[in-house]
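Biologist: Hi! Could you walk me through this one while I have it open?
Modeller: Happy to, let me put it up.
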Amino acid sequence: MHLLRLLAVSIKRQFLEWMGWRAFLITLVVNQTVAPLLGLAVWSVALPGSTQIPTYYMALLIVQLMTVSYEQHTFSNGLYDGTLSHELLKPQPVVIGLLGTNIAARLLHVLIGLPIILIVGAITSISFAPVAPRFIVGVLLAIPAVLLAAILRFLFMYLLALSAFWTERAHGVAGFGETLAFLLGGSAAPIPLFPQSIRPLGELLPFRYMLGFPAEIASGSLNEVLQGYGYQVCWIGVFALAAIFAWRAGLRRFMAVGG
Amino acid sequence: MKLLRLFGAIFSLSLKRELTFRAEFIFQVLLTATAIIAGIATLGIVYTQTTMLGGWSLGEATTLLGTFQVVSGILSTFIEPNLTWFTSQVKNGKLDAILLQPVPSIFLASLGSCAPLGLGEVALGAILVLIGLYEVGKVPTATGILGWLVMVAVGIVITWASRMLLASLAFWAPSVELDVLYQALWQCGRYPVSIYRQPIRFALTYMLPVAFISTIPASMLIHGTDLLQIVTGPIVGAGAIIVVQSVWNAGLRRYTSATS
């Protein structure tokens, strides 16, 4: 309860702080929309007439904005310039501050991205009418998947950002992770369209469960939804344990820099 | 001539500095290779579902992607290291150091340092072009190769010009940071412009010069040289240089330096 209150305060503070960077935030949002929109353009041309593709990529665009994570900037940079020591002195777990920043950024990404989402939706003229009941079920089933994906993507980026304790190249490590998430997460291509030989790999690895899985449900692929939730929970467990372990091990190495 | 010598000196200094950190070097090469492999894999997956993408076959699209990587590599080697976060140089007055040098400021501001590791991307891109051509199964003509070289050069000049124009914006609107936006739109060059719908395609060809960095050079290599384009290309490039020069000078007249 106490932690939740601290988290709420942190979100509010970070929200206001981000608001001071509105102009920059807009460019960040546009940057986040590029991969899903490129996917939409490419796949609309590759599979003309498919009704699932526009819905899938619209959903992916929304998921991308809702799960955006910048821990390599918000955490690793603080470690490099020594300001992490300020966070360590506060009477709250360090991760609460990071979570607050993360959630505030996601709220603002969705808010700022809303016009883009609406415009793209209008241009691609997605028609929900013929599939309406199925669509509503899909959206309802996608909600838990998005929440789990949001947790998973935060844990993943946080774990990569923690590499800053051991290496100066946390940004490179995070970039590597993002490339993998782009390729195997359903952004480059929806996992169901992967060639038969690598599809099981895409379904096993965690990346699909950070991005593509909720979008697949929302666009009407309702098979094996429960199994997908299961994968999400398992991967969250794995990454949470890894992050806790890495945090403890890293903290023992940490020496505050500067003065 | 003097500028060329200076450019050579800047390059060799930067190269020495980067080679000092071997682990960093290997790590960067790995990162670049992963990014390029991800690009190829994406194309590969798309072409398992279709044989043509906007009128381009797999081999042709690979050639185009390779061309895109070549120009991207040049951008990240020579231009980005200078112009990323250029706005802050204008805001905090660090631009003074450039203006005081006995070399044209536009040269030092845009090409004053470089990151030679980016050339790895150029090399990998060139390999990709060759793989694409092999896949197409057609030996390009001599004029086709010449056309590709000329149009890649024009693409680089236009890239430099557009990046400079964006940086010069800092003189008028120092609070606007569009670096991330530029990099985002740049990614549109990965695919032929023919896949985009009409208003966007027009914008990517004539307003944001994304078509110049990949689609136009690659189509020269594949379909042979288009005489009209090979004449107009350099003219557009020269025009871009003149525009940048005059905008830069106008911007400098507004630059007031910062206190202290």
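This is a predicted model: local features need pLDDT of at least 70, side-chain atom pairs count only at pLDDT 80 or more; totals for chains, interfaces and linings use all residues.
Biologist: Good. How many helices and strands does chain B have?
Modeller: Chain B has 13 helices and 0 strands. Read along the sequence, its pattern is α-α-α-α-α-α-α-α-α-α-α-α-α.
Biologist: And what does the C-alpha trace of chain B span along its principal axes?
Modeller: About 60 × 45 × 35 Å. The radius of gyration of chain B is 19 Å, which agrees with a compact globule, because one with 260 residues would be near 18 Å.
Biologist: Switching to chain A, what pLDDT does it average?
Modeller: Chain A averages 88, and 96% of its residues score at least 70. Among its elements, helix 11 (residues 225-253) of chain A has the highest mean, 94, while helix 5 (residues 84-89) of chain A has the lowest, 86.
Biologist: How many residues of chain A are in contact with chain B?
Modeller: 25 residues of chain A, against 26 residues of chain B.
Biologist: Which element of chain A gives the most to that side?
Modeller: Helix 2 of chain A, with 12 residues. Helix 8 (170-184) of chain A is the other element that gives two or more. By class, the side of chain A that touches chain B has 19 nonpolar, 5 polar and 1 charged residues.
Biologist: Let's stay with helix 2 of chain A. At what angle does it cross helix 6 of chain A?
Modeller: Roughly 50°, and the axes of helix 2 (residues 22-46) and helix 6 (residues 94-124) of chain A come within 9 Å. The two helices are therefore oblique to each other, and the crossing is right-handed.
Biologist: Which residues make the contact?
Modeller: Helix 2 of chain A contributes A:Leu25, A:Ile26, A:Val29, A:Gln32, A:Thr33 and A:Leu37. From helix 6 of chain A come A:Leu108, A:His109, A:Ile112, A:Gly113, A:Ile116 and A:Val120. That contact has 8 nonpolar, 4 polar and no charged residues.
Biologist: One last pair: how do helix 4 and helix 7 of chain A pack?
Modeller: Helix 4 (residues 71-80) and helix 7 (residues 132-162) of chain A pack at about 30°, with their axes 9 Å apart. Angles under 35 degrees count as roughly parallel, so helix 4 of chain A is roughly parallel to helix 7 of chain A. Their crossing is right-handed.
Biologist: Which residues meet there?
Modeller: A:Glu71, A:Gln72, A:Phe75 and A:Ser76 of helix 4 of chain A meet A:Met157, A:Tyr158, A:Leu160 and A:Ala161 of helix 7 of chain A. By class, this contact has 5 nonpolar, 2 polar and 1 charged residues.

How values were computed: Residues are numbered from 1 along each chain as its sequence is written. Chains are lettered from A and ligands numbered from 1 in the order in which they are written. Axes are lines fitted to C-alpha atoms, for helices over the stretch in contact, and angles run from 0 to 180 degrees between N-to-C directions. Helices (H or I, at least four residues) and strands (E, at least two) are DSSP runs, numbered from the N terminus. Angles under 35 degrees count as roughly parallel, over 145 as roughly antiparallel, 65 to 115 as roughly perpendicular and the rest as oblique. A crossing is left-handed if the near helix is turned anticlockwise from the far one by less than a right angle, and right-handed if clockwise. Two residues are in contact if their C-beta atoms, placed from the backbone, lie within 7 Å. Ala, Val, Leu, Ile, Met, Phe, Trp, Tyr, Cys and Pro count as nonpolar, Asp, Glu, Lys and Arg as charged, and the others, Gly among them, as polar. pLDDT is the predictor's confidence in each residue, from 0 to 100. The radius of gyration is taken over C-alpha atoms; the globule rule is 2.2 Å times the number of residues to the power 0.38.
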